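This briefing goes through selected side chains, ring pairs and a sulfur link. Look at the sequence and the structure first, then read the points below.

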Amino acid sequence: SSPIYLEFGIDGKVTGHAGCNNLTGNYTVEQGTIKFSDIATTRSTCPQIQVETEVLSILENANMFSINEGKLVLKSFDSTVLASFKEIEYSEIINKYWKLITLNGSEVTISENQEREQHFILKNDGIVTGFAGCNQLNGQYTIDEGNRINFNQNLAVTLKACTSLEIDESSFLKVFELADNYTLRNDTLSLNVGKRAPLAVFEAIYF
């Protein structure tokens, strides 16, 4: 499941994920008090809906907050702790288009009849999307401190047969299965397993 998170904009808008649905709304902050208003969510139904109801109820009842050592604590008027959130440095690798440049140490070139380059994008709601050379991929990921990254093992991949393409999709998809950490230098991202040589190297493409 996608992580529960809140993202506060400087414009008084709050967005996030409540456990099942994405949420949007407004917030106001004044000397240790906080008020959420106009919270709306998307309308999927899923097994985590009970957790979501609790999250929404917390936002409704939160009146006070404190921030300490990167932790946001939401409390009710009588100082009961309703929830605490840890700050995630939103990684510089999110919401970028990462184009594959080397796979298992070999440079990658595009076959002439290939629709487009192999790439992936990490969205800030915990979803990864991408193109494996012939098929689209879609799944979930988590990022943790220390540049740890994990992709869930059930990446959904479309099922086109691409016999005319000289492309090794399974090696590309294997990267997501194996990767447990990443390194970033400027606009070059490596997905790695342990301390070994990178499984794959990508570069950020800005459109």
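The charged end of Arg116 sits over the ring of Phe131, 4.6 Å from its centre. For a charge to sit over a ring, NZ of Lys or CZ of Arg must be within 6 Å of the ring centre and within 35 degrees of the ring normal. This is a predicted model, in which local features need pLDDT of at least 70 and side-chain atom pairs count only at pLDDT 80 or more, while totals for chains, interfaces and linings use all residues. Residues are numbered from 1 along each chain as its sequence is written, and side-chain values use heavy atoms, with hydrogens and water left out.

**Aromatic pairs**

- Rings of Phe, Tyr and Trp (its six-membered ring) pair if their centres lie within 6.5 Å; planes under 30 degrees apart count as stacked, over 60 as edge-to-face and the rest as tilted.
- By this rule there are 8 aromatic pairs.
- The ring centres of Phe8 and Phe36 are 6.2 Å apart with planes at 40°, so this pair is tilted.
- Phe8 belongs to strand β1 (residues 5-8) and Phe36 to strand β4 (residues 33-41), so the pair ties together parts 28 residues apart in sequence; strands (E, at least two residues) are DSSP runs, as are helices (H or I, at least four), and both are numbered from the N terminus.
- Phe8 is partly exposed at 33% relative accessible area, whereas Phe36 is buried at 7%; buried means under 20%, exposed over 50% and partly exposed in between (1.4 Å probe, protein chains only).
- Phe120 and Phe151 have ring centres 6.4 Å apart and planes at 90°, so they form an edge-to-face pair.
- Phe120 lies in strand β10 (residues 119-122) and Phe151 in strand β13 (residues 148-151), 31 residues apart.

**The disulfide**

- The whole structure holds 1 disulfide, defined as a pair of cysteine sulfur atoms within 2.5 Å.
- Cys20 is joined to Cys46, S to S 1.9 Å.
- Cys20 is in the loop between β2 and β3, and Cys46 is in the loop between β4 and α1 (49-61), 26 residues apart.
- Cys20 is buried at 12% relative accessibility, while Cys46 is partly exposed at 22%.

**Asn21**

- Asn21 lies in the loop between β2 (13-17) and β3 (22-30) and is buried, with a relative accessible area of 2%.
- The side chain of Asn21 reaches the backbone nitrogen of Ser44 at 2.6 Å.

How values were computed. A polar contact is a pair of N or O atoms within 3.5 Å; within protein, one must be able to donate a hydrogen and the other to accept it, and residues adjacent in sequence count only if both atoms are side-chain atoms.
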